[in-house]
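Trainee: Please give me a close look at one part of this model. Take its surroundings too.

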Amino acid sequence: MTIDMAQFHQVFFDESFEGLDIMESGLLEMDPGSADPEQINSIFRAAHSIKGGSGTFGFTNIADFTHVMETLLDEMRDGRRQVTAEAVNVLLASVDVLREMLTATSEDAEVDSERVKAQKAELDRILAGDAAAAEVAEPDSTEEACARSEQTGWHIVFRPHSHMMRTGNDPLRLIRELGSLGELNVEVDLEPLLPLSEYEPEDSYLSWDLHLTGDVSKEQIDDIFDWVEDDCDLSIDPICPTQKTPAAAPETASEPAPKTEIKAVPAPDERREGDDRRTSDRRGSAKKSATGGGASSIRVDITKIDVLINMVGELVITQSMLSMLGEEFDISQIERLREGLAQLERHTREMQESVMQIRMLPISFTFSRFPRLVHDLSTKMGKQIELKMTGEATEVDKTVIEKIGDPLVHLVRNSLDHGIEMPEERVAAGKPEQGTVELNAYHRGGNIIIEIKDDGKGLNRDLLLEKAIERGLVPSDAILSDQQIYELIFAAGFSTAETVSDVSGRGVGMDVVRRNINELGGSIEIHSEIGVGSSFVIRLPLTLAILDGQTVCIGSETYIVPLVSIIESIQVKENMINMLAGKGETFKLREEYLPIVRLHEILGVKDAKAKNLNEGLLVVVEGEGRRCGLFVDDLLGQQQVVIKSLEANYRKISGLSGATILGDGSVALILDIPGLIRMAGNASVAFSKDARKSA
Amino acid sequence: MAESQVAELNNLQREGFSDEQNAQYLTFELADEDYGVDILRVQEIRGWDVVTRVPNTPSYVKGVLNLRGAIVPIFDLRERFDLSSQEYTKDTVVIVLRVNGDTGMRIMGIIVDAVSDVLNSNSSGLVNAPDFGGRVATEFIAGLVSAGEKMVMLLDVDKLLGQDQQSEQELAAVN
Amino acid sequence: MASILAVDDSASMLQMVAFTLKGAGYDVVEATDGQYALDIAKTRGVDLVITDVNMPRMDGITLIGELRKLPSYKFTPLLMLTTESSPEKKQQGRAAGATGWIVKPFNPDQLLNTVKKVLG
């Protein structure tokens, strides 16, 4: 039977990456000196699984590397080795190398063998540091009784211990196997057999004297007896015609099995060579097939599948009930029909929810990288920082998990770098030496909230404003609220670091962070107090497939505004409206002038009812940090809508993020708020806009 | 696979290398002219139904339709070809087509006056489209075929609707 | 056809073992740790158990020990999946009542040969 092992590779990689995360977080929590054995055990187990899998699936280099890690962990687990900070650090670095190896292998790329070699040497160095685990030299037992060429076979004396059958081993099976190797001459010793009255049917009494003739190696025989070497007395001697067979008296039961002989058998070097050859063959074939299977997979908790299956069951029952009702429908059954339809609706809704659940993964997939990050960076920066995480079990959409990682890393780095002060600075300010960064995730309303909070120095509004003016982002006479100033850090080309630091000064800026979050349909806000700390609050939709929408109407047309973008809806009064030179229509909302976007104009709706601003409503929305009022005829209801792509069969339309199907089967278009604000850009009053003008 | 084979066959036919293999076309009327599309591209034919207008698109894009959960754009072929437009009636028909674009297969609908017939054609009946200098750009015409008294213009669906996307993207870029 | 209980916390290994055995026509019951396997074993009999050693909740050696205590599992072949690096595991397994072991890494053919050998 040939089995394509490549089909298991994706699962292997998935679980190995999970295993690496377990190892990493376990190592980070490990207290050198007094490590929790269960913790080491779970790290060991993860390493062990990766080793087992990689060996089986033919990734020999990974198996070899993990083997060294496993050995080290095993000694720690058994208490044979102290858990030192050095060993933990080397293991952590090894986790990184292993991750690189797995990534490269999964992508069919070249593994950096130099790096692997160097890290393996590190591990070996740690291992060698403790001579306690000295290897016991294998005794050389190949003292052949006669030359291999002269040998004609083997004389085997096999006496099972009485309990042998209770290990599930059957002496007859072993003898049958021996018989398959060559010509077997069997003599049974019946003497130990007890009289029937004393006979224990579950015990073995017999022993065998066996002569095996043929070109059979000792290894082949040892393999057969491998499982029972402790459960029997066994002697295996070569038969040479030129020499009298040594009188092979079987050892007595009290004497331990002839370990030396048996142990020496699977000549380790030979065996390894064989393995290598086998695995490298398999690797060749795996490589070819791996390229095709690039589809991303998702691991789903079995209980979620069970819930779904139950629901489908219910749905089937409802369906059959309804079709029975339909076959001979009578108006008197209208009540039952209504009930059935209500049931159908409920099941359908529940099923939709549970299908969505399948895409949901705990945010810990993203959070798990932070302990390491904080550990490494705080060491590097000479700061003392404690990371507190809560709500790791909060579930979010898989796509969110994949896309929120980088923005979060950036924000956390930011907090470490610019938020938390140096220890002496903190002490001088009357704060504890150790700073705290908190990562919290929780559900609120239909959203996921992720908070990144530090007890550092907070954002300095004057410094920020100064910098923004200096960079020409705001006019020098601008009067801005604290909140507006904080928002400045999201402007393109703005960096708060006085000196561009190694940690957060490079690469993506906060503008990219905001854009990534907006792309996920989310938003980010800042709270800060000087000397006390800052917090960044990210609000994300629960899932990307469903959106909470506000239905609005303009003439005969219906559009969906994502609820997450809406701040409020207001009726405008004449005295709120201003015509600002060069900025078009604006309205004043709590000391702020916001542009009015007449949706019917921008969307080309011909039959809009409200033409004068006091006839309709303004929906105040925010996108990418800019606010405006969308002018519509009226608000309809709020509802959850399933997002459908316009691009699938047509193309992207500016101002629209997609479409959905309403209850009556018609299509409604979903507005892309940041896009609309950009389209209406000429009239925008947002501060960054001002800046662009004054620049 | 079948589609690509047919496309290849059609090419051969056009160039006159083909044997007696037949192709089938769905023919329809548009402003008293007869057109045809490769029947293998036709997913379904449905009556005209109200669509949702999509803002900032050319006028021949009538809007989008919910086709069993997929959002499908509907094009008015009269307007696309700059023929006089006409009120939609009960006879107005939407032909839903499978179109091969750069990004894979898309589903799109075209509005025509009425569906006529299925036409069997072989190599002998097919001729290259001459340049009419007229209403329908020859680039969208795969060939002409005679059906009795009538001349049927066979549309190249991919060029017609694929091209369309491109010009719209350019249009959008200008906007 | 004989039924086999396969136990492994690694999804890829479990899939591989189960797939191989099912392909050979065996009836395969899967469990993701020792405790789960023991729960299954208590409710039904199987002809062979193949278990990984290192697993959360209940490891393979404990599982073997517990299974041997069940009257219906007194003589059932119980195999463990182990790595060459752990001779002490073999000893512990044997002490707990394991029939034998399959050394990791193994390929599907090796697995099938061993299973055929044990099930006769």
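Mentor: Start where helix H4 of chain A has ended: A:Asp108 follows, and its phi is positive, near 65°. This is a predicted model, in which local features need pLDDT of at least 70, side-chain atom pairs count only at pLDDT 80 or more, and totals for chains, interfaces and linings use all residues. Residues are numbered from 1 along each chain as its sequence is written, while chains are lettered from A and ligands numbered from 1 in the order in which they are written. Helices are DSSP runs (H or I, at least four residues), numbered from the N terminus.

Now the length. H4(A) covers residues 85-106, 22 residues in all. The expected span is 1.5 Å times one less than the number of residues. H4(A) should therefore span 32 Å, and its end C-alpha atoms are 31 Å apart, which agrees.

Next, burial. A residue is buried if 20 or more other C-beta atoms, placed from the backbone, lie within 10 Å of its own. In H4(A) that holds for A:Ala87, A:Leu91, A:Ser94, A:Val95, A:Val97, A:Leu98, A:Met101, A:Leu102 and A:Thr105. Their cover includes H1, H3 and helix H5 (113-128) of chain A.

Two of these covering helices, H1 (9-29) and H3 (60-77), also each supply at least two residues of the side of chain A that touches chain C. H2(A) gives the most to that side, eight residues. Overall, 25 residues of chain A are in contact (C-beta atoms, placed from the backbone, within 7 Å) with 34 residues of chain C.

Methods
Contact = placed C-beta atoms within 7 Å. Buried ≥ 20, exposed ≤ 12 C-beta atoms within 10 Å, placed from the backbone.
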